[in-house]
Amino acid sequence: PVGALAAIRESRGPQALFLLMITVITSDSAQYFTGRAFGKRKLAERVSPKKTVEGAYGGFVFGTLVMVGLGAYWLPSVPVWLRALLGVTVVALGIVGDLFESMLKRSAGVKDSSSLIPGHGGVLDRIDALLFAAPVYFIVLTHV
């Protein structure tokens, strides 16, 4: 996954890499705020008790909008329908990555993966979604 991040920057430039990052960041933030405002149904309570289905919906909507909107400038050769599909895929993989990392922390019996970023679950919470989304994003960009 880290190699995919480097390969994205090398093959498509910093804008393509930043688009992936800003999509994931927007989705993560939208999941949090949408979940806090509207969340009722738990997404994966045993793994991550605060995550909600409504939060995931918010992440899908806003993350995909970022991929489609900013992608018009930073990935103009990628058709809009593919950017939308890529946005949904990046968000879905980001959610899976976040849940996977939460599962690892739960199985290890720790709240944070490190103390480098206090109150944010650790450094892995900042990159877990990227690690799952980057390889697929790179593969799609390689074939477009």
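Predicted model: local features only at pLDDT ≥ 70, side-chain atom pairs only at ≥ 80, totals over all residues.

**A first look around**

The largest nonpolar core is made of 21 residues, and the ones with the most contacts inside it are Ile8, Leu20, Leu75, Val90, Tyr137 and Leu141. Two or more residues of this core come from each of helix 1 (2-12), helix 2 (14-38), helix 4 and helix 5 (123-142).

**How confident is the model?**

- Across the protein, pLDDT averages 90, and 88% of the residues score at least 70.
- Helix 3 (residues 53-74) has the highest confidence, with a mean of 98, while helix 5 has the lowest, with a mean of 89.

**Inside the core**

- Nonpolar side chains tend to be buried together in soluble globular proteins.
- Take Val90, one of the residues with the most contacts inside the core: setting aside neighbours within four places in sequence, Val90 is in contact with Leu20, Thr23, Val24, Met67, Ala133 and Tyr137.

**The salt bridges**

- How many salt bridges does a search of the whole structure find? It turns up two.
- One pairs Arg41 with Glu54, whose closest N and O atoms are 2.9 Å apart. Arg41 sits in the loop between helix 2 and strand 1 (42-44) and Glu54 is in helix 3, so this pair ties together parts that are 13 residues apart in sequence.
- Arg41 is partly exposed, with a relative accessible area of 45%, whereas Glu54 is buried, at 13%.
- Lys51 forms a salt bridge with Asp98, and here the closest N and O atoms are 2.4 Å apart. With Lys51 in strand 2 (residues 48-52) and Asp98 in helix 4, the pair links distant parts of the chain, 47 residues apart.
- Both Lys51 and Asp98 are buried.

**A charged residue without a partner**

- Now for Arg83, which you'll find in helix 4 (residues 80-108).
- Arg83 is buried but has no salt bridge. Where's the nearest side chain of opposite charge? That's Asp28, and it is 20 Å away.
- What does the side chain of Arg83 reach instead? It gets to the backbone oxygen of Val68, at 3.2 Å.
- Leaving out neighbours within four places in sequence, Arg83 is in contact with Met67, Val68, Gly71, Ala72, Leu75 and Val78.

How values were computed: Residues numbered from 1 in each chain as written. Heavy atoms only, no water. Helix = DSSP H or I, 4+ residues; strand = E, 2+ residues; numbered from the N terminus. Buried < 20%, exposed > 50% of the residue type's maximum accessible area, 1.4 Å probe, protein only. Lys, Arg positive; Asp, Glu negative; His and termini not counted. Salt bridge = Lys/Arg side-chain N within 4 Å of Asp/Glu carboxyl O. Polar contact = N/O pair within 3.5 Å; in protein donor to acceptor, adjacent residues only side chain to side chain. Contact = heavy atoms within 4.5 Å. Core = buried A, V, L, I, M, F, W, Y, C linked by side-chain atoms within 4.5 Å. pLDDT = per-residue confidence, 0-100.
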